[in-house]
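Please open the structure in your viewer and keep the selection tool at hand.

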Amino acid sequence: QVQLVESGGGSVQAGGSLRLSCAASRYLGSNYCLGWFRQAPGKEREGVATLYIGSGSIYYADSVKGRFTISQSNYKNTYLGMTSLTPEDTAMYYCAAARRTLTGGRWCSPRVVDFDYWGQGTQVTVSS
């Protein structure tokens, strides 16, 4: 089992930046996918970025490319740097993890069903 705890959410004005953090309860190892998802009111949860620890392969949703950066440290902590925020980025943000064996530089799927462990979420609100 893996427990995940997010932090770093808050309220910012459009154009601002935030950095979200996610701490895992234990060392994960290289064969884990890490992901950041978000869910706005009335919408489905969507994957915004994933990272495979073993290879460092990264996926970004088109809506956040060039603005968001996913990273990890010590096989335990996950981060999401967010810049040039817009009101459309307002949502509850969740980190997630899943044990996977990926080869050939493949990146982790951004689908909700492909992740096994979830944090409780941290709210990000962007005002215009």
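This is a predicted model: local features need pLDDT of at least 70, side-chain atom pairs count only at pLDDT 80 or more; totals for chains, interfaces and linings use all residues.

**Stop 1: the disulfides**

Display the cysteine side chains; the structure holds two disulfides. A disulfide is a covalent bond between the sulfur atoms of two cysteines.

Select Cys 22 and Cys 95, which are joined by a disulfide with an S to S distance of 2.0 Å. Cys 22 belongs to strand β3 (residues 18-24) and Cys 95 to strand β9, so the pair ties together parts that are 73 residues apart in sequence. The torsion about this S-S bond of Cys 22 and Cys 95 is about 50 degrees, so the disulfide is right-handed. Both Cys 22 and Cys 95 are buried.

Next, select Cys 33 and Cys 108, which form a disulfide with their sulfur atoms 2.0 Å apart. This pair also links distant parts of the chain: Cys 33 sits in strand β4 (residues 32-39), whereas Cys 108 sits in the loop between β9 and β10 (117-118), 75 residues apart. Here the torsion about the S-S bond of Cys 33 and Cys 108 is about -90 degrees, and the disulfide is therefore left-handed. Cys 33 counts as buried because its relative accessibility is 3%, and Cys 108 counts as buried because its relative accessibility is 1%.

**Stop 2: Val 12**

Move to Val 12, in strand β2 (residues 10-13). Is Val 12 buried or exposed? With a relative accessible area of 15%, Val 12 is buried, because buried means under 20%.

Which residues is Val 12 in contact with, leaving aside its neighbours within four places in sequence? They are Ser 17, Leu 18, Leu 85, Thr 125, Val 126 and Ser 127.

**Stop 3: two loop residues with positive phi**

Select Asn 74, in the loop between β7 (68-73) and β8 (77-82). Asn 74 is not a glycine, yet its phi is positive, at about 60 degrees. Its relative accessibility is 61%, so Asn 74 counts as exposed.

Finally, select Ser 84, in the loop between β8 and β9 (91-99). Ser 84 likewise is not a glycine, and its phi is positive, at about 50 degrees. Ser 84 is partly exposed, with a relative accessible area of 41%.

Technical notes
Residues are numbered from 1 along each chain as its sequence is written. Side-chain values use heavy atoms; hydrogens and water are left out. Helices (H or I, at least four residues) and strands (E, at least two) are DSSP runs, numbered from the N terminus. Buried means under 20% relative accessible area, exposed over 50%, partly exposed in between (1.4 Å probe, protein chains only). Contact means heavy atoms within 4.5 Å. A disulfide is a pair of cysteine sulfur atoms within 2.5 Å.
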